[in-house]
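Me: Please show the model and take me through its packing, one question at a time.

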Amino acid sequence: LGYYARARNLKKCAEAVAAQHAGVFPDTEEGLRALPGIGDYTSAAVAAIAFNRQAAVVDGNVERVITRLYAITDALPGAKPAIKAKAAAITPKDRPGDFAQAMMDLGATICTPKRPTCALCPFNGHCLALKSHEPEHFPVKASKKAKPVRLGAAFIALDNKGRILLRKRENKGLLGGMTEVPTTEWTSRVDGDHTDASAPMQADWQACGTITHVFTHFELRLSVFRADNLVAHASNHGWWEPLANLDEQALPTVMKKAISQAIPEALKSTKG
Ligand code: SF4
């Protein structure tokens, strides 16, 4: 869901407002969209609701209302520009924020995905989907492709004091800045080595099975290996952490799964 990136973007956005706008938020859709972490939906929503700008606010609920109102047969996500243009054409100059919120409420409560309550809808005299008796056919969605599967390996290295080798991910990219156990070089586009040939050190690596984690755009399968009683050495690539402190580390769920696969008792929970 991108919560980690949201927190980083929130901070970057606050810094940009302080540094580039003397601490005052821009009040136009374009100005807001130029800020870190603010996209089409948020810039339009803030411009309309907070600053009374004539901006077309399109979330999933509004997409449904608009595609039904105009019987837009192009599939999402390709239909988004056409939906935005239609929404802009009916957004009034007067009280655009109220209009935006009313459209979102209409989609959430009346123009629902299944069995919309068209009898109560203020658009029921103009709605092309209702005229065709097929409101539930809209919005048309492109058929979903299966998520690609990426492979890799994770290494649970324990020293002779029972501490685990951890390292910090690069600040940019997926899970940026978070803590991890050493893994091979997998990315969302490229497989990493899924054997122990690329282990971070020579050791008697024991295979512990595989874990699967589903990210937004791909599924990751990590082969998990464990080695015990290693002699801890200073490393540029990480640090040795007592297992008792694991709950205090910024470990993403995929890393908690890998650790729990090798050491079931290490974490109280794999949620998070
Ligand atoms: S008339 Fe029915 S399908 Fe059309 S916008 Fe209203 S609730 Fe949705």
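Reply: Contact here means heavy atoms within 4.5 Å. This is a predicted model, in which local features need pLDDT of at least 70, side-chain atom pairs count only at pLDDT 80 or more, and totals for chains, interfaces and linings use all residues. Residues are numbered from 1 along each chain as its sequence is written, and side-chain values use heavy atoms, with hydrogens and water left out.

Me: Which residues does D27 touch, not counting residues up to four places away in sequence?
Reply: D27 sits in the loop between α1 and α2 (29-33); helices (H or I, at least four residues) and strands (E, at least two) are DSSP runs, numbered from the N terminus. Leaving out residues up to four places away in sequence, D27 touches F51 and R53.

Me: Is D27 buried, partly exposed or exposed?
Reply: Buried means under 20% relative accessible area and exposed over 50%, with partly exposed in between (1.4 Å probe, protein chains only). D27 has 34% relative accessibility, so D27 counts as partly exposed.

Me: How is α4 oriented to α5?
Reply: Axes are lines fitted to C-alpha atoms, for helices over the stretch in contact, and angles run from 0 to 180 degrees between N-to-C directions. α4 and α5 pack at about 85 degrees, with their axes 10 Å apart. Angles under 35 degrees count as roughly parallel, over 145 as roughly antiparallel, 65 to 115 as roughly perpendicular and the rest as oblique. The angle therefore makes α4, relative to α5, roughly perpendicular.

Me: Which residues make the contact between α4 and α5?
Reply: The α4 side consists of E63, I66, T67 and L69. From α5 come K80, I83, K86, A87 and I90.

Me: How many residues of α8 are buried?
Reply: Helix α8 (residues 253-262) is mostly covered. The cover over its buried residues includes β1 (149-159), β2 (163-168), β3 (179-180), β4 (206-214) and β5 (219-230). Of the ten residues of α8, the number buried is eight.
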